[in-house]
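Try each task before you read its solution.

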Amino acid sequence: MAGCSRGSLPTWMTAAASRVDLTGGAVSPSHQGSPSPSPSGPAPAAGADQELGMFERALSAAGAAFVSAIIVNPLDVAKTRLQAQAAGVLYHYPPQVAALGPDAILSEFRCSPSCTRGHIFGSEPVCPPDCFQYKGTLDVFLKVVRQEGFSRLWRGTNAGLALAVPTVGIYLPCYDIFRNWIEDFTRSNAPGLTPYAPLVAGSVARSLACIACSPIELARTRMQAYKEFRPGVKPPGMWKTLVGVLSPLASSSQSVQNYRVLWTGVGAQLARDVPFSGICWSTLEPIRRKLLGLVGEEGNAASVLGANFAAGFVAGSLAAGATCPLDVAKTRRQIEKDTEKAMRMTTRQTLTEIWRSGGVKGLFTGVGPRVARAGPSVGIVVSFYEVVKYALHQRNAS
């Protein structure tokens, strides 16, 4: 792939694939000298990927994250609800409903209008608690739509967008920059380490993004995990959720240290996302290179974008499945409403508690929607990111 001149495939499409050869044979286009003109068109500009600055990379990544966050949010809601339910969060009506009296509005305590399992309370039927328990991903979708409305499948989307744009805006540009730097350094000093550049670059970039955006992740998890039982009351948004996290500590004199609670679960998040990133990129890069090699000289833009999406889909799915136990631990730590307990909890203790109470099944709660979400999400982000990078490069070139 490296060094081939193809008029129909710009450098941005093949740069990522030719950066590293796992057999040590390929070198970066920027180190091969100027390519000769192609009979089918002008030669691609060498190092087009490196010409983009941090702002252009961040803009590309933010646009990709925006599209992805909207599409996959229902799966994120399903995953979080299943994990929160396993941690003890209740989604049926509170026990205090019995004290509401015969004039209470009980239609909110029906799992669906057609349910025949309701017990008569006053003059209306009330469903038993198990009607509100989630039994799987599709069951979450059905019950959320029936009980809360279709729009609730996008609960937390505003926090998801607020999270995805800066997170990926930091993550992908830093990954690009770190990967290029590590590859250039190892190629000159330790060629045998060059294949590990994507793993190291992805892990470091993800760590920076996680720490910077952890409070928004905390808000999104809580927004998706908890259900509003009071009829006609709008659930709290992102800022009210974060204020609610801080409010139990408002009377404390250690105001600066109190803000640490906004980073509750950041250890579990790092333990989840750093391996996820390492697995994802070390899997994605060779798959992408292999698929781009199969595309060959006859490939067009659509086939190369398809190769990027397919590589991202496979890599994201594998990484999501492998890191699911750490995602369960992160969710459990972030939905803990006892602030003092949340501050004392560690990822290791949380994983041990999950193992004792639920075994392997508990550790992999929500793995279905997590994998179903991560595969398309990574594929969309990688493909869209490359497209926008190319468009920005073309605009700058003109």
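The bend at a residue is the angle between axes fitted to the seven residues ending there and the seven starting there. Helices (H or I, at least four residues) and strands (E, at least two) are DSSP runs, numbered from the N terminus. This is a predicted model, in which local features need pLDDT of at least 70 and side-chain atom pairs count only at pLDDT 80 or more, while totals for chains, interfaces and linings use all residues. Residues are numbered from 1 along each chain as its sequence is written, and side-chain values use heavy atoms, with hydrogens and water left out.

**Exercise 1. Find where helix α6 has its kink.**

Step 1: Start with the length. Helix α6 covers residues 197-225 and spans only 37 Å between its end C-alpha atoms, whereas a straight helix of 29 residues would span 42 Å. The expected span is 1.5 Å times one less than the number of residues.

Step 2: Look along the helix for the bend. A kink of about 65 degrees lies at cysteine 213, shortly before proline 215.

Step 3: Check the cover. In α6, 22 of the 29 residues are buried, where buried means under 20% relative accessible area (1.4 Å probe, protein chains only).

**Exercise 2. Decide whether alanine 219 is buried or exposed, and list its contacts.**

Step 1: Alanine 219 counts as buried because its relative accessibility is 0%.

Step 2: Leaving aside neighbours within four places in sequence, alanine 219 is in contact (heavy atoms within 4.5 Å) with Met238, Thr241 and Leu242. Glycine 237 is 18 residues away from alanine 219 in sequence, and their C-alpha atoms are 8.4 Å apart.

**Exercise 3. Work out which residues touch the most other members of the largest nonpolar core.**

Step 1: Recall the term. A nonpolar core is a set of buried Ala, Val, Leu, Ile, Met, Phe, Trp, Tyr and Cys residues joined through side-chain atoms within 4.5 Å.

Step 2: The largest core has 23 residues, and Tyr171, Leu172, Phe276, Cys280, Trp281, Leu284 and Val378 touch the most other members. At least two residues of this core come from each of α5, α6, α9, α10 and α14.

Step 3: Zoom in on tryptophan 281. Beyond its neighbours within four places in sequence, its contacts include Tyr171, Leu172 and Val382.

**Exercise 4. Find how many disulfides the structure has.**

Step 1: A disulfide is a pair of cysteine sulfur atoms within 2.5 Å. The search of the whole structure finds 0.

Step 2: Take cysteine 210, whose nearest cysteine sulfur, that of cysteine 213, is 8.3 Å away.

Methods:
Buried < 20%, exposed > 50% of the residue type's maximum accessible area, 1.4 Å probe, protein only.
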